[in-house]
Amino acid sequence: MTMPHLPPRPIAAVLTDRLDDIAVVDDAVRLAGLHRAPLLLVAVLPAHVDDRAAGQAGAAVLARVLPRVGRAGLGHIPAAHRLTPRRGARLRTAAGVVALTRRNRCDAVVAARTGPAGADAGSLREAAALHGGPPVHTAGPAPWTPLRGTAPGPSGRAAPRTTEGTRSR
């Protein structure tokens, strides 16, 4: 008797409209690519965003990472979660994100080390342990790379580098 082929379960990427979203998506794409699983892209929105603007805000967050998802050739499921407006609601927000990932039967969650209260990897890991959620992976900060080369001068060629205080003859 053969087992029916089940579709792969998604990998969740928690996006908070920060620079670390790129590192989060890169790690989530790497995990999802191993099993050709789709991505659940969770845009975490501020509490003060009203319902009309929530769609636009969520789309803007997702638009920054969709080119990376498209290059990987993975499917994606867009989702949004609003932060809890009350102070001290860190675990309540994290529990809401974990519940969203459980409803979508995610195998894992990828989140940034830092972020809004309740949307960081530490809070999500704590909520997943308390509420039976999937494992949470921490994405490191986006790597910093120095700019290389010089800016083109007026002629289109690279301008010569000079040190302040030196004179050219």
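1. Surface first. This is a predicted model, and the protein in it exposes about 10,900 Å². Carbon and sulfur atoms supply 56% of that area. As for the inside, buried residues make up 37% of the 169 residues.

2. On to the fold. I get 4 helices and 5 strands, and reading along the sequence they come in the order β-α-β-α-β-α-β-α-β. Take the contacts between residues at least 6 apart in sequence: 74% of them join residues at least 24 apart.

3. D21 is one to look at on screen. It sits in helix α1, which covers residues 20-35. D21 is buried, yet it has no salt bridge. Which side chain of opposite charge is nearest to D21? That would be R64, 5.9 Å away, whereas a salt bridge here needs a side-chain nitrogen of Lys or Arg within 4 Å of a carboxyl oxygen of Asp or Glu.

4. So what does D21 touch? Leaving out residues up to four places away in sequence, D21 has contacts with V14, L15, T16, V61 and V65.

5. Last, G73. This glycine lies in the loop that runs between α2 (51-72) and β3 (76-82).

Terms used. Residues are numbered from 1 along each chain as its sequence is written. This is a predicted model: local features need pLDDT of at least 70, side-chain atom pairs count only at pLDDT 80 or more; totals for chains, interfaces and linings use all residues. Side-chain values use heavy atoms; hydrogens and water are left out. Helices (H or I, at least four residues) and strands (E, at least two) are DSSP runs, numbered from the N terminus. Buried means under 20% relative accessible area, exposed over 50%, partly exposed in between (1.4 Å probe, protein chains only). Contact means heavy atoms within 4.5 Å. Accessible areas come from the Shrake-Rupley method with a 1.4 Å probe; for residues, only the protein chains shown count as cover. Lys and Arg count as positive and Asp and Glu as negative; His and the chain ends are not counted.
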